[in-house]
Structures are given as structure tokens and as C-alpha cells.
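Here are my notes on the model, as numbered points. Please read them with the structure open.

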Amino acid sequence: MARGDAPQDSYHLVGISFFILGLGTLLPWNFFITAIPYFQGRLVGPFNSTARTLHTNYTDPEDSFNFNNWVTLLSQLPLLLFTLLNSFLYQCIPEVVRILGSLLAILLLFALTAALVKVDMSPRPFFCITLASVCLINSFGAVLQGSLFGQLGTMPSTYSTLFLSGQGLAGIFAALAMLMSMASGMDAQTSALGYFITPCMGILMSIVCYLSLSHLKFARYYLAKKPLQAQPQELETKAELLQSDEKNGIPHSPQKVALTLDLDSEKELEPEPEPEPDEPQVLGKPSVFIVFQKIWLTALCLVSVFTVTLSVFPAITAMVTSSTGPGKWSQFFNPVCCFLLFNIMDWLGRSLTSYFLWPDEDSRLLPLLVCLRFLFVPLFMLCHIPQRTRLPILFPQDTYFITFMLLFAISNGYLVSLTMCLAPKQVLQHEREVAGALMTFFLALGLSCGAALSFLFKALL
């Protein structure tokens, strides 16, 4: 909720800036996983410069490097570690150093990935350099995301939704770039070079947007982090909960109606009597443990959502092929039905929270919806994946996979955005930055758990 004396977000520049920053934070990860066929091609043998497209299908019967699983795991473990470190060290390192420094480091590392396209090397050194680059990029990405979510915790929840929508758009951007490279007909080296230069432009835009925030009055107002009195903070948080319900058409209970009257009347009352000796006038540093007690169920839901998602995407879903046989559709099936479809529906799901937040933070329906997503694991494992030795194929038709992917992706985007928006509503105003940092840690924990489980699920096929 915007404070009464808050300036206006002129031309929505702050919202656009956070949308682009969200786009920039996930561009590297999405460009890496969408280009898995390129990396697999380099790991099979010398780079085939005469190949027609970046997405040429390479086969490695032994899958000696197990690239899908390793790139997922070594992306998420540094993300988890550095998100945790950022939660403890964020007060020691200035915010501008953490955010701007991380963006510059990611830009340089991705430029290195683009430069390696023109360098001939044997598979093993290329594998090691690529995974080291993945680790470093996600380490800086963790610091970047944690710092930005901490900032967003001090702002109206609409800006968290815009940031998450930008992250969802990053996947669409990467998938479209892949499809354009496939349709261009250029040789593989030129196509791959153009593909990896594209996210560098996105990161440069993110740097410009971050630098512009210090010149926008609306951003300076919310990011100043001035200490507030305890009572106004609590009243503001309660008032925001009421307005959120009113916006979503939820009727007020008698207790909430009474609270509304209290909020109106308290503005007209004389100053309160002096507080008791044990009642603090000014709120001190928020306790991480107390904040966790308030948001633990929402955080657990976030962990579960990402555990399911990363356990099968992309390690399992990228292995699904079309049952129609060789042809154009077979070539485009996985880029379109796996990566592009997932990212479009994920972005749509994240954007839905701009219009309604259901279930609310007090509902027990949210954990139930989260648990139902575990059904997607066996559903995807029983789709048309020819490279299997144990499980049967129960859903061979392409329509099964497309239907599962639609529901899987939109539920992921919506539940992720919902939990990230609900967590700040469960704490007081001065605790919101800590809540944002904690939710970022649990986000990374879910990603890491899912990446680790992907090895098991792939072995069970």
C-alpha cells in the first residue's frame, strides 16, 4: 500500500525498472538451459561449424557428462549458498556494491561464454569451464536477487509482482531467441554467438535501470529505510491487509469492520499515554527468527513449488520427444512445447497475481494446491522419452505432454508469485525487508532440492 505522503510513480518508471531488473536476473539461467543442445553438441566432440542451426540434435548414447543434471545442480547450489550468505552479510556490504557489482560480474561471465563459441577445445575442458561459469554466474545472481527482493520488501506488493513477471518473461525471451536461431538457417557458430550476445544486452539494460532508480523520487522515498514508530507501522500493515481484501472482493468480517473503524477513529484521537517501561517506542532491528515464525508455512510452500519444478524441468522434460516421427515438427517440438510453452504459461501465472491473490495468507488451501503439484513428477516421467530402461511409456501422444506442461507451468508461476506477495503481508512494515530476504533463501532452497532430485528421477527412467 502506498503511504499517504508518498510521491507518484511518474510514467510508471520505477515499475518498468523493476520489471527489467527481474528480466535481467534470470536471463543467464534461461539462456543456459535453453541452449542445452549446443552444449551437448560441444561435449560430443569438436564443434560442427557446418551444422545448420544452434539446436541441432546431437546424441550421446552413454550421456557421459550428464550435462542437463549437472548444469541444473551447479546452478542452484551456489544460488542457495550465496543467498544464505547474503542474508547475513547484507548489512556489511553497501547495497549498490552488491547489486551493481553482481550485474557487472554476470555481464563479464556471459561475455566469456559468448567468446568460447569461437574457441576450439576438447569436450572435458569445455565442460569444466562451462560449469565453473555457471557456478559463478549463479553465485552473483543469488546476491543480486536477494538484494533486489530485500528492496522490494519495502515497497508496495505490486512491484514484487512486476519483478516476478519480468523474471517470467526472461524464459520467453530465451526460448524465442532459440527459435529465431533455428529458423535463421545460419551456421551453428554464428547462430550461437548471436544467441549468447543477446542476454548481454539485457543485462546492460538492467544496469541502466538500476542506476536510474536513484534519480526517481518514488524509488528514493521507499528505499530510504527511515525508522518508523511502532504504532503507525502496525496500523499501516493492518490497513493494507484490509485494502487487499477489499480490492479482491472479499467481504470483511465483523472484526475487520471494527478494525476499520478503529483505524479511522485513531487518527482523530489525542496522543496515547506514555508507554509502559517494557514497551519500546521505536522498533529496533527485526529478528530473523520472529519473522520466520510468521512466514514459515508460506516459505515451505515456496520450497515445495520449486522442488517439484526443478526436479523435472529441464532434466526430464527436455528428454521428451514428439511421437510423430522425423520432420519439422519433431525438430521444433521440444523448444516450443517444453521451453517456450513453459515460460509463456509461467509468466502468465506470475502476472495473474496483479489482479487477485487467492488463497489468502490465512487459508489452508494453499498448502493443498502446492502438494497436488507433486503429481506432475510421475506424469512427465511416463511421457514419450525413448531413452529409458525401467518405466513404461503411458502417455505417448504429444497432446498429453502439452496438457501437462500447460498446467505445470501456470501453477508454478502463480504459486511462486502468490507466496512471494503473501509473505510481506504476514509481517509488520519494518520486518518486510527481512521477510523478502528469507523468502529468497527458501526460493533457492527449493531450486537446490529440485536439482538434486533430478538425478534420482532421471536414474529411475
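Predicted model: local features only at pLDDT ≥ 70, side-chain atom pairs only at ≥ 80, totals over all residues.

Helices here are DSSP runs of H or I, at least four residues long, numbered from the N terminus. With that numbering, His 12 sits in the segment before H1.

1. Local features are taken up where pLDDT is at least 70.

2. **Overall make-up.** The chain has 16 helices and 0 strands. It is 461 residues long, and 53% of them count as buried. Take the contacts with a separation of 6 or more: residues 24 or more positions apart account for 87% of these.

3. **Ahead of H1.** Tyr 11 is in the segment before H1. Its phi is near 55°, although Tyr 11 is a residue other than glycine. Tyr 11 has a relative accessible area of 73%, so it is exposed. His 12 lies in that segment before H1 too. Phi of His 12 is about 60°, again positive and again not in a glycine. The cut-off for exposed is over 50% relative accessible area. His 12 comes out at 57% and therefore counts as exposed.

4. **Asn 30 in H1.** Is Asn 30 buried or exposed? Its relative accessible area is 6%; buried means under 20%, so Asn 30 is buried. Asn 30 belongs to helix H1. Leaving out residues up to four places away in sequence, Asn 30 touches Ala 170, Gly 171, Ala 174, Tyr 195 and Asn 343. Gly 168 is 138 residues from Asn 30 in sequence. In space, the two C-alpha atoms are 9.8 Å apart.

5. **H1 against H2.** At what angle do H1 and H2 pack? The angle is about 55°, and the axes are 5 Å apart. H1 covers residues 13-34 and H2 covers residues 36-44. The two helices are therefore oblique to each other. H1 brings Phe 32, Ile 33 and Thr 34 to the contact; H2 brings Ile 36, Pro 37 and Phe 39. By class that is 5 nonpolar residues, 1 polar and no charged.

6. **Burial of H2.** Why is H2 described as largely enclosed by the rest of the structure? Because 7 of its 9 residues are buried. These are Ile 36, Pro 37, Tyr 38, Phe 39, Gly 41, Arg 42 and Leu 43. Note that Arg 42 is in this buried set.

7. **H11 against H13.** H11 runs over residues 288-312 and H13 over residues 365-372. Their axes come within 9 Å and cross at roughly 15°. Angles under 35 degrees count as roughly parallel, so H11 and H13 are described that way. The crossing is left-handed. From H11, the contact uses Leu 297, Cys 301, Ser 304 and Val 305; from H13, Leu 366, Pro 367 and Val 370. The classes are 6 nonpolar, 1 polar and no charged residues.

8. **Pro 367 within that contact.** Pro 367 is a residue of helix H13. Which residues does Pro 367 touch, not counting those up to four places away in sequence? They are Leu 297 and Cys 301. Both are listed among the H11 residues of the helix contact. Pro 367 and Leu 302 are 65 residues apart in sequence, with their C-alpha atoms 9.6 Å apart in space.

9. **Two cis peptide bonds.** Please check both on the model. Phe 313 and Pro 314 are joined by a cis peptide bond, with omega about 5°. Pro 314 is in the loop between H11 and H12, the helix of residues 328-352. The bond from Trp 358 to Pro 359 is also cis, and its omega is near -5°. Pro 359 is in the loop between H12 and H13.

10. **Ser 454 in H16.** Helix H16, residues 432-460, holds Ser 454. Ser 454 has 0% relative accessibility and so counts as buried. What does Ser 454 touch, not counting residues up to four places away in sequence? Its contacts are Asn 69, Leu 310, Ser 311 and Ala 315.

Notes
Residues numbered from 1 in each chain as written. Heavy atoms only, no water. Axes fitted to C-alpha atoms, helices over the stretch in contact; angles between N-to-C directions. Parallel < 35°, antiparallel > 145°, perpendicular 65-115°, else oblique. Left-handed = near helix turned anticlockwise from the far one by under 90°. Contact = heavy atoms within 4.5 Å. Nonpolar A, V, L, I, M, F, W, Y, C, P; charged D, E, K, R; others polar. Buried < 20%, exposed > 50% of the residue type's maximum accessible area, 1.4 Å probe, protein only.
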